[in-house]
Amino acid sequence: MSQSTRPSSGAPADAHLGAPLPQRMARNVPSELLRSFVAIVEAGSMAQATETIFLTQSALSLQMKRLEDVLQQKLFRRDGRRLILTPIGEELVGYARQLLALNDRIMRTLGQDSEPEPITVGMVQDFADTLLPDVLGQFRLAHPRSRLVIQIGGSAELLDMFDRSRLDLVLCLGQHGDRSGATWKVVGHDRMTWIGDPAIAELSEVPLVLLEPPCRFRDAALRALTQEKRDYRLVLETPNLPAMRAGVRGGLGVSCRTRRFATAEGLPTITSDALPAIPEIETILVRRNHLGDAATDLGDLLAAAAGA
């Protein structure tokens, strides 16, 4: 009977396999933890980051605890309710962005079968019914696989969403200042115009149908009437543009908007001297830095259409 061979005592059990085992296994930093970490840093807080990373605040907190455990380093310290990066956390931000950029590049170039990330766009109502259909038609021909998410709202509301990293591009009215991680450009001009029944403009006390503040059109209308010492009264105030449009169509009063909007909605403009002149307003395109090719092309199409 043959005898089985056994390694001599003291020899490792797999010594007969040849190559020695590595002394230490390499450790990986999970990319989903880094993505959440960067989202928190860019949003300014865990609560704000929940809107871009789509996790609850408690789940984000657990992820950051796990990331600190992986690195064996503290990444945040608390100052009251604020989270402040430690020196190690500040150093990690740069590395994390590089790693995530490389990850995203791999997925864009090699992961062709996966669904593309949506491009998020915000614009004011003035453009939604006028230039948007043609822009979308041109964009579809160049990027048929792209996905879009479009938000319609007021300029201030859209820029707030942009600041919370919920939008990639915003086409809005009026200058609103520089924004972190973004560029803005004046891409067009439009003259504000009074809209409504011209007969109403002849009244000694002008009835107004206006959007709630903040609204540049509201500010321009009230400023112009005040400077001309015209009496006015607010008969309808709403945060909703369709409600404002209904008030004008229903003859409740006059309002103020762009010529583009008035033309698209078929609303009468008041061209007489019965009401004071109101100024031009600039069209602004705000875009996040380092967008992909499709989002960059969409921004260029919006800029060209707004300036036409």
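# Salt bridges and charged contacts in a predicted model

By the rule that a side-chain nitrogen of Lys or Arg lies within 4 Å of a carboxyl oxygen of Asp or Glu, the count comes to 14 salt bridges. This is a predicted model, in which local features need pLDDT of at least 70 and side-chain atom pairs count only at pLDDT 80 or more, while totals for chains, interfaces and linings use all residues. Residues are numbered from 1 along each chain as its sequence is written, and side-chain values use heavy atoms, with hydrogens and water left out.

**Exercise 1.** Find which elements hold Glu-32 and Arg-66, and state how far apart in sequence they are.

*Solution.* Begin with the pair itself: Glu-32 and Arg-66 form a salt bridge whose closest N and O atoms are 4.0 Å apart. Next, place the residues in their elements, where helices (H or I, at least four residues) and strands (E, at least two) are DSSP runs numbered from the N terminus. Glu-32 belongs to helix α1 (residues 31-43) and Arg-66 to helix α3 (residues 57-71), so the pair ties together parts that are 34 residues apart in sequence.

**Exercise 2.** Decide whether Glu-237 and Arg-218 are buried or partly exposed.

*Solution.* First recall the cut-offs: buried means under 20% relative accessible area, exposed over 50%, and partly exposed in between (1.4 Å probe, protein chains only). Glu-237 has 38% relative accessibility and therefore counts as partly exposed, whereas Arg-218, at 13%, counts as buried. The two residues form a salt bridge, with 2.8 Å between the closest N and O atoms. Because Glu-237 lies in strand β8 (residues 231-238) and Arg-218 in helix α8 (residues 216-227), this pair ties together parts that are 19 residues apart in sequence.

**Exercise 3.** Describe the salt bridge of Arg-245 and Glu-265, and name the network that includes them.

*Solution.* The side chains of Arg-245 and Glu-265 meet at 3.1 Å, N to O. Arg-245 is in helix α9 (residues 241-249) and Glu-265 in helix α10 (residues 259-265), 20 residues apart, and the pair links distant parts of the chain. Both Arg-245 and Glu-265 are buried. Salt bridges with shared partners join Arg-245, Arg-249 and Glu-265 into one network.

**Exercise 4.** Identify the rings over which Arg-257 and Arg-288 lie.

*Solution.* A charge sits over a ring if NZ of Lys or CZ of Arg is within 6 Å of the ring centre and within 35 degrees of the ring normal. Arg-257 lies over the face of Phe-261, at 5.7 Å from the ring centre, and Arg-288 lies over the face of Phe-162, at 4.0 Å from the ring centre.
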